[in-house]
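I opened this notebook to record what I looked up in the structure, entry by entry.

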Amino acid sequence: MNNSLKILLAAGAVLAGSATVQAQSVLSVSDATMEPTLVMPASCETDTKKMLEEWYLKNYAVLDYEADRKNTGSLDDALIIERLGKLPTVIEMPFNSLVKGAIRYYANRPQLVENMLGLSMYYMPIFEAALERHSMPLELKYLPVIESALIPTAVSKAGAAGLWQFMSPTATGLGLEINSLVDQRRDPYLASDAAARYLKQLYQTYNDWSLAIAAYNCGPGNVNKALRRAGDGKHDFWEIYPFLPAETRGYVPTFIAANYIMNYHKDHNISPALARRPLVTDTVHVTRRVHFDQISQVMDIPLAELRALNPQFRTDLIPGDIRPYSLVLPSLQAYAYIVNEDSIVNHDATKYSRRGIVEPASGASVGRDAKGEYYDEEVVKWHTVRRGENLSKIANKYGVSVATIRKYNKVGKSVKAGKKLKIVSTRRVYKPKTEEPKVEQTVATTDTLTVQASAPNDSLQSAAPDSIGAAKTVGAAFEAPKEEPKEEPIVKETPKKVEKAKAKATPKAAAKPKTHTVRKGENLSKIAKKYGTTVDKIKKANNLKNNNIQAGQRLSIP
């Protein structure tokens, strides 16, 4: 055989091999152009042991874990291509190394697939109903498999939540409610309807299911950017693959793998899930504020069951007093709820009711401890309004309300610059307890002896009982002048000397001036009489040039 013949035979063999490869692949792009690494979605890393704690799996599904774990079934390329071709789908299910890698990933995690098969018995009818309602391909029901592993309370690192893993802006844009009490991304019925509508919008935008599914994962913005980078012409997911985010590159292959494994799980020795007993549910509209604990205790429904059927209520509270909400219950107990709603709402109502009006404590409230007491003292300040100020700014400055300022100044909603405003607030003051002076009955002061000794006997008899008791106590002192005349100098002591002695004994602290807050209608004359001083002394102590004073003004009283 000459060299030219050898070259021709070799070229024929290469062409034949190339034709065989092309026959096996249904893609226009060869596997060589794709990255070998496959980024699987976070749902594939779900803790399978934690999934088994799901209420539905524990109570309604039977999972057989006795299958042969070592034998994962055949992963022959031709066989997988044949099985994908037999799936009754509208969306194209092509094969390549990425799809095969995703199928192998699921086939090697049989417990994860079995748990999802168990949960699918409850959730798949909900997904199918929403997709049918919007005339969408039913194979889209497997998107939540790769999004959340069919766990309604799943939350991604980016903040996407629920079975369909909606981000907050997308969810609210689709009409789902998200607040501290309710997150409708976790509602299987409402979220499925929103997902069907969103996917329909994406398909109408791209007219290609692979691009619509990719946009569902990474957003239309990233898909549009990839299309621009790919250049002019009609493109699908596989043609713009290199320009997409890493996670999205594995998203469409994983979607194909999810359709494959959920339909051909038996061929990979993954046990089917069986229903232990059917779960038939119904919904009731709740228009009153009610807590899951109240429903559970009155109707004897497990709390875990209420949470599993109604994962959208974040705190187990249904705020039906705000607006009506749907509550999912086992069908036999839905009517029982309607009949017993009054009993449910009134059960332990004070624990779950919300106060509508709460009055603050009054200023007269007093707190006490062993050594003293706290009380609220009124504080009056005067503020001159500056240009650009309003009542709100002034109230914030002094920590009072606008209503309080208007009350004490009789002003409207606005005030002019230069006006003086009376600012009344309160402060907490601690006052130590004052001990009552002890009365020592065996000791009598000099002035008392002087008065009693100089009084005649008939005046002692007409005195008040307390005075008489005091006189009896010092009875020996009254008789002293008769028996011992030498004591008479004590009796002759004059009141002026007594006053001088008292003045010397009085500590200097007692001479400190007092502070008086002027009340409405008071003048200097009245205040002077009240404290036993003069008008001139008050004016001098406060540097007053005239007798004009204002209510709320603080005066030092000498």
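**Entry 1. Salt bridges**

I counted the salt bridges in this predicted model, and the count comes to 13. I then went through several pairs individually.

The side chains of K100 and D77 form a salt bridge, with 2.6 Å from N to O. K100 belongs to helix α5 (residues 97-107) and D77 to helix α4 (residues 77-86), so this pair ties together parts that are 23 residues apart in sequence. I looked up the accessibility of both partners. K100 counts as buried, because its relative accessibility is 19% and the cut-off for buried is under 20%. D77, at 28%, counts as partly exposed.

The next pair was E128 and K141, whose side chains meet in a salt bridge at 2.6 Å, N to O. I noted that this pair links distant parts of the chain: E128 sits in helix α6, K141 in the loop between α6 and α7, and 13 residues separate them. E128 has a relative accessible area of 26% and is partly exposed. K141 is buried, with a relative accessible area of 14%.

For R288 and D342 I recorded a salt bridge of 2.5 Å, N to O. R288 lies in the loop between β3 (281-286) and β4 (289-291), and D342 lies in helix α16; the pair links distant parts of the chain, 54 residues apart. R288 is partly exposed at a relative accessible area of 28%, and D342 is partly exposed at 47%. I also noted a network: D183, R185, R186 and R314 are joined into one by salt bridges that share partners.

**Entry 2. The chain as a whole**

I turned next to the totals. The chain holds 27 helices and 11 strands. It has 558 residues, of which 38% count as buried. Among the contacts with a separation of 6 or more, 68% are between residues 24 or more positions apart. The chain exposes about 33,400 Å², and carbon and sulfur atoms supply 52% of that area.

**Entry 3. Helix α18**

Which residues of helix α18 are buried? In this helix (residues 391-398) I found L391, I394 and A395 to be the buried ones. Viewed down the axis of α18, the buried residues fall within an arc of 100 degrees, so they line one face of the helix. On the other side of α18, I found K393, N396 and K397 exposed.

I then inspected the ends of the helix. At the start of α18, a side-chain oxygen of N390 comes to within 3.2 Å of the backbone nitrogen of S392. After α18 comes G399, with a positive phi near 70 degrees.

**Entry 4. N409**

I located N409 in helix α19 (residues 402-409). Is N409 buried or exposed? Its relative accessible area is 14%, so N409 is buried. Apart from neighbours within four places in sequence, N409 contacts K420, L421 and K422. For K422 I noted a polar pairing as well: its backbone nitrogen lies 2.6 Å from a polar atom of the N409 side chain. I also checked I423, which is 14 residues from N409 in sequence and 8.6 Å from it in space, C-alpha to C-alpha.

Most residues other than glycine have a negative phi. I therefore looked up two residues that depart from this pattern, starting from the general rule.

S135 has a positive phi, near 55 degrees, and is not a glycine. I placed S135 in the loop between α6 (110-133) and α7 (143-148). It counts as exposed, with 65% relative accessibility.

D348 also has a positive phi, near 50 degrees, in a residue other than glycine. D348 lies in the loop between α16 (341-346) and α17 (349-352). At 37% relative accessibility, D348 counts as partly exposed.

**Entry 5. A nonpolar patch**

Which residues make the nonpolar surface patch of about 350 Å²? I found that Y335, I338 and V339 make it. V339 is placed in helix α15 (residues 331-339). I looked up its accessibility too: V339 is exposed, with a relative accessible area of 53%.

Methods
Residues numbered from 1 in each chain as written. Predicted model: local features only at pLDDT ≥ 70, side-chain atom pairs only at ≥ 80, totals over all residues. Heavy atoms only, no water. Patch = residues over 30% accessible without salt bridge, like charges linked within 9 Å, V, L, I, M, F, W, Y side chains within 5 Å. Areas by Shrake-Rupley, 256 points an atom, 1.4 Å probe, with all protein chains shown as cover. Salt bridge = Lys/Arg side-chain N within 4 Å of Asp/Glu carboxyl O. Helix = DSSP H or I, 4+ residues; strand = E, 2+ residues; numbered from the N terminus. Buried < 20%, exposed > 50% of the residue type's maximum accessible area, 1.4 Å probe, protein only. Arc of directions from axis to C-beta. Polar contact = N/O pair within 3.5 Å; in protein donor to acceptor, adjacent residues only side chain to side chain. Contact = heavy atoms within 4.5 Å.
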